[in-house]
Amino acid sequence: MSATLGLEALDRTVYQTMLDRPALGVTEIAAELAVAPDAIRACLDRLFALQLVQMSFEAPSRFTVVDPVLGVKRLLDQQHDELLRRQHQVASSHQALVRILAGSGGPAQQRADGVEHLAGTDAVRRRLERLTLEAQHEILTFMADTQPAAALEAARQGDTLALQRGVAIRTVALDGIRDDPATLGYTRALVAHGGQFRTVAALPTPLVVVDRSHVLVPMDPADSGKGALQLSAPGMVAPLLALFERVWGGAAPLCGDAAEDRHVPNEQERALLTLLAQGHTDESAAVQLHISARTARRIMASLNERLGARSRFEAGLRAARLGWV
């Protein structure tokens with residue numbers, strides 16, 4: 001055990017001797033162990049660095065041992081910190097290597113006009129894997145169709161690693177995925193790791209946006225097998241970002257199960273919640289929605305019941321947590 005903690009055989013012997021006979025000094029310990037005093041001093045230097053011995057309060061020129069339990073705990077804490085530091089160094093080196101490799105070659109070099117052609121499904125998947133690995137902040141996706149099980153598994157692994165790095169992931173899919181077990185399993189795994197997932201009745205095009213600087217769109221929306229375009233020019237990226245945010249704002253969150261899905265508010269209910277959150281009364285919100293105050297109160301009563309809320313304030317809090325507003 002002590003060898004694992006970085007102690008040499010003589011260090012362990014010196015430490016044990018000091019525990020058993022705390023009154024001994026360097027000369028006495030050297031004589032006891034039949035080694036040179038300088039060797040004992042070297043051991044004490046190492047033990048001091050490991051915080052297993054400390055200067056004596058009674059005799060400042062001498063060392064005294066630290067309580068064994070406390071000493072080992074300190075040593076383990078040091079090794080744990082060192083392990084974390086090395087892991088951070090490895091992760092940083094890995095990311096740097098990925099960036100170097102990405103800039104030094106690959107399937108195709110970035111064109112000056114900010115458009116890169118990726119021919120075929122395999123090339124697109126390789127690029128998606130690379131972008132997911134390099135992502136630092138955010139990945140936004142329109143999933144316009146169900147995916148093969150192998151593709152979903154690859155996406156799940158990459159997305160999980162990205163989420164563990166602190167990358168935010170938001171995905172919008174078609175409502176039909178709620179009836180597809182494989183895709184539904186992927187989405188729930190994504191949500192379980194901190195991702196966000198919503199669905200809509202229709203999507204304009206498949207789309208992936210990474211770090212608000214790179215966008216993948218199909219060359220031909222009617223035939224994904226032809227490949228994709230990677231766009232990086234700000235003038236191309238900005239409108240696609242705006243499109244994603246508009247669709248995201250009107251999409252319904254994916255809840256835990258089919259029974260919960262039926263409780264997701266429709267557009268009118270969502271609009272009412274938003275107005276009430278802005279401080280409108282039932283009457284003023286009704287005017288904004290062109291409905292009667294009685295209808296607004298009825299809708300709000302239904303929402304309170306579905307949310308299990310006893311007041312409008314509590315309903316607002318729960319709706320916000322569910323992403324309804």
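Helices (H or I, at least four residues) and strands (E, at least two) are taken here as DSSP runs, numbered from the N terminus. The structure is a predicted model, in which local features need pLDDT of at least 70 and side-chain atom pairs count only at pLDDT 80 or more, whereas totals for chains, interfaces and linings use all residues. Residues are numbered from 1 along each chain as its sequence is written, and side-chain values use heavy atoms, with hydrogens and water left out.

The chain contains 13 helices and ten strands. Of its 325 residues, 37% are buried, where buried means under 20% relative accessible area, exposed means over 50%, and partly exposed lies in between (1.4 Å probe, protein chains only). With contact defined as heavy atoms within 4.5 Å, 64% of the contacts in the chain between residues at least 6 apart in sequence join residues at least 24 apart.

Rolling a probe the size of a water molecule over the atoms shows where empty space is left. On a 1 Å grid over the protein atoms alone, a pocket is an open set of points with protein on both sides within 12 Å along at least five of seven lines, a cavity is a set of points where a 1.4 Å probe fits but cannot get out, and lining residues have an atom within 4 Å of a point. Grid points are joined across faces, edges and corners, and a volume is the space filled by probe spheres set on the points.

The largest pocket has a volume of about 1200 Å³. It is lined by 44 residues, of which Val124, Arg125, Leu128, Gln147 and Val208 are the closest to its centre. At least two residues of this lining are supplied by each of helix H5 (121-134), strand S4 (138-143), helix H6 (149-164), strand S5 (168-174), strand S7 (207-210), strand S8 (214-218) and strand S9 (227-231), and the largest share, nine residues, comes from H6. The lining of the largest pocket divides into 27 nonpolar, ten polar and seven charged residues, with Ala, Val, Leu, Ile, Met, Phe, Trp, Tyr, Cys and Pro counted as nonpolar, Asp, Glu, Lys and Arg as charged, and the others, Gly among them, as polar.

A search of the whole structure finds one cavity of 30 Å³ or more, and the volume of the largest cavity is about 40 Å³. Its lining is formed by Met18, Arg21, Pro22, Leu24, Phe63, Thr64 and Val65, and strand S2 (residues 63-65) gives the most to this lining, with three residues. Five residues of the cavity lining are nonpolar, one is polar and one is charged.

Eleven salt bridges are found in the whole structure, a salt bridge being a side-chain nitrogen of Lys or Arg within 4 Å of a carboxyl oxygen of Asp or Glu. In one of them, the side chains of Glu116 and Arg127 meet at 3.0 Å, N to O. This pair links distant parts of the chain, eleven residues apart, with Glu116 in strand S3 (residues 115-119) and Arg127 in helix H5, and both residues are buried.

Helix H6 holds a further pair, Arg156 and Glu153, whose side chains form a salt bridge (2.6 Å, N to O); because these residues are three apart in the helix, about one helical turn separates them. Arg156 counts as partly exposed, at 29% relative accessibility, as does Glu153, at 33%.

Asp159 is also placed in helix H6. This residue is buried yet has no salt bridge, the nearest side chain of opposite charge being that of Arg165, 8.8 Å away, where Lys and Arg count as positive and Asp and Glu as negative, while His and the chain ends are not counted. Neighbours within four places in sequence left aside, Asp159 is in contact with Thr132, Ile169, Tyr186 and Leu190.

Arg170 forms a salt bridge with Glu245, in which the closest N and O atoms are 2.7 Å apart. Arg170 lies in strand S5 and Glu245 in helix H8 (residues 234-249), so the pair ties together parts that are 75 residues apart in sequence. Arg170 is buried, with a relative accessible area of 11%, whereas Glu245 is partly exposed, with 29%. Both residues belong to a network of salt bridges that links Glu138, Arg170, Arg212 and Glu245.

Most residues other than glycine have a negative phi. Arg212, although not a glycine, has a positive phi of about 55°; Arg212 lies in the loop between S7 and S8 and is partly exposed, with a relative accessible area of 42%. His290, likewise not a glycine, has a positive phi of about 60°. The loop between helix H11 (282-289) and helix H12 (293-307) contains His290, which is exposed, with a relative accessible area of 72%.
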